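Please look through the structure below, one chain at a time. The paragraphs after it start with the separate chains and then turn to how they meet.

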Amino acid sequence: MQVDWTAFTPVTALAGGALIGLAAAILILANGRVAGVSGILGGLLQPRAGDRAWRAMFLLGLLAAPLLMRLGASLPPIHIDAGLGQIVLAGLLVGLGTRYGAGCTSGHGVCGLSRFSLRSAVATVCFMMAGFVSVYLLRHVAGL
Amino acid sequence: MTALTALLSGLVFGFGLLLSGMADPAKVLAFLDLAGAWDPSLMLVMAAAIAVGVPAFARARRMKASLLGQPMQLPAARQIDRRLVLGSLVFGVGWGMAGICPGPALVLVGAGQFKGLVFVLAMLAGMLLFALLERRRSR
């Protein structure tokens, strides 16, 4: 393993991570809800009465963040190298997998680990390992 | 009021993803690529998020209701079963294919990224498929 020190951004990583933790803190302390993006989005597709507004507003916040940021600063660089076919398949797997696994990087990885949930720790290890293997196979075996 | 705090939470979450670089799929993939030029940033993002999250969730556990009087809905599920493991593995495979997970996907749409929009539509299709399969299962 070779660390790319030029790409490593510890200060913004820690500051941005703290903001993500703050967002999770706001939602659990004010609303009593877990900030799990896949669960909040999936819950909109299987709605219960009175449950829609906060979900939609949370997602709206995520959508609006880059628009607001653009008013005061330039957006950080974004590179999506995968082709459209790969993007579609990836999206399908992420949608299906996060619903079956009842969580994603935010719900299990941030909120679940913050609660010391064993279930979320298992889920996090599973999606991390699968992510490592997936990238290894695509980049270093298939050469995509 | 809960809608406003949810909006605030989503905004802060989105800013955090942008500032940390996690809205950039290439940076996420640089973390997942252990055999390449490895970028450990994602690990610090999670560590910092959890460091802030731990006291918040510890406090939440002791509260009967949220600050806005809502029921405290901490996940009750404890079981580690096939659904959890297989679902998370499938998610991880998809995550590694594009470097995009659900939070950053929505930020990418807001940033005007066409591929982000395609990803979100495919992700919604996957979630709808799950909802349909679940409905069939419960009948």
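How many helices and strands does chain A have? Chain A has 6 helices and 1 strand; helices (H or I, at least four residues) and strands (E, at least two) are DSSP runs, numbered from the N terminus. This is a predicted model, in which local features need pLDDT of at least 70 and side-chain atom pairs count only at pLDDT 80 or more, while totals for chains, interfaces and linings use all residues. Residues are numbered from 1 along each chain as its sequence is written, and chains are lettered from A and ligands numbered from 1 in the order in which they are written.

Read from the N terminus, the elements of chain A follow the order β-α-α-α-α-α-α. The C-alpha trace of chain A spans about 50 × 40 × 35 Å along its principal axes. Chain A holds 144 residues, and 58% of them count as buried. A residue is buried if 20 or more other C-beta atoms lie within 10 Å of its own, exposed if 12 or fewer, and partly exposed in between, with C-beta atoms placed from the backbone. Among contacts in chain A with a separation of 6 or more, 42% are between residues 24 or more positions apart. Two residues are in contact if their C-beta atoms, placed from the backbone, lie within 7 Å.

The C-alpha trace of chain B spans about 45 × 40 × 30 Å along its principal axes. Of the 139 residues in chain B, 57% are buried. For contacts in chain B between residues at least 6 apart in sequence, 37% join residues at least 24 apart.

An unreviewed UniProt entry places the feature "transmembrane region" at residues 12-32, 53-72, 78-96 and 116-138 of chain A. UniProt positions are given in the numbering used here, feature names are shortened, and annotations may be inferred rather than shown by experiment. In the model, residues 53-72 of chain A are 100% helix and 0% strand, and the end C-alpha atoms of this span lie 28 Å apart. Residues 78-96 of chain A are 68% helix and 0% strand, with end C-alpha atoms 25 Å apart.

A:Leu113 is buried because 20 other C-beta atoms lie within 10 Å. Leaving out residues up to four places away in sequence, A:Leu113 touches A:Ser120, A:Ala121, A:Thr124 and B:Ile50. A:Leu113 and A:Thr124 are 11 residues apart in sequence, and their C-alpha atoms are 8.5 Å apart in space. After α5(A) comes A:Phe116, whose phi is positive, near 55°.

Helix α2 of chain A also has buried residues, among them A:Val37, A:Ile40 and A:Leu41. What covers them includes α3 (52-72), α4 (84-100) and α5 of chain A, together with α5 and α6 of chain B.

How many residues does each chain bring to the contact between the chains? Chain A brings 105 residues and chain B brings 105 residues. On the side of chain B that touches chain A, α1(B) gives the most, with 18 residues. That side of chain B has 75 nonpolar, 23 polar and 7 charged residues. Here Ala, Val, Leu, Ile, Met, Phe, Trp, Tyr, Cys and Pro count as nonpolar, Asp, Glu, Lys and Arg as charged, and the others, Gly among them, as polar.

Strands meet between the chains as well. Strand β1 (residues 2-3) of chain A is joined to β1(B) by 2 bridges, and the two run parallel; strands pair if DSSP finds at least two bridges between them. The bridge partner of A:Val3 in β1(B) is B:Trp38.

Last comes the nonpolar core, a set of buried Ala, Val, Leu, Ile, Met, Phe, Trp, Tyr and Cys residues joined through C-beta atoms within 7 Å. The largest one has 97 residues, and those with the most contacts inside it are A:Ala23, A:Ala24, B:Ala49 and B:Phe119. Helix α1(A) supplies the largest share of this core, 12 residues. Beyond its neighbours within four places in sequence, A:Ala24 is in contact with residues of both chains, including A:Val110, A:Cys111, B:Ala49 and B:Gly53.
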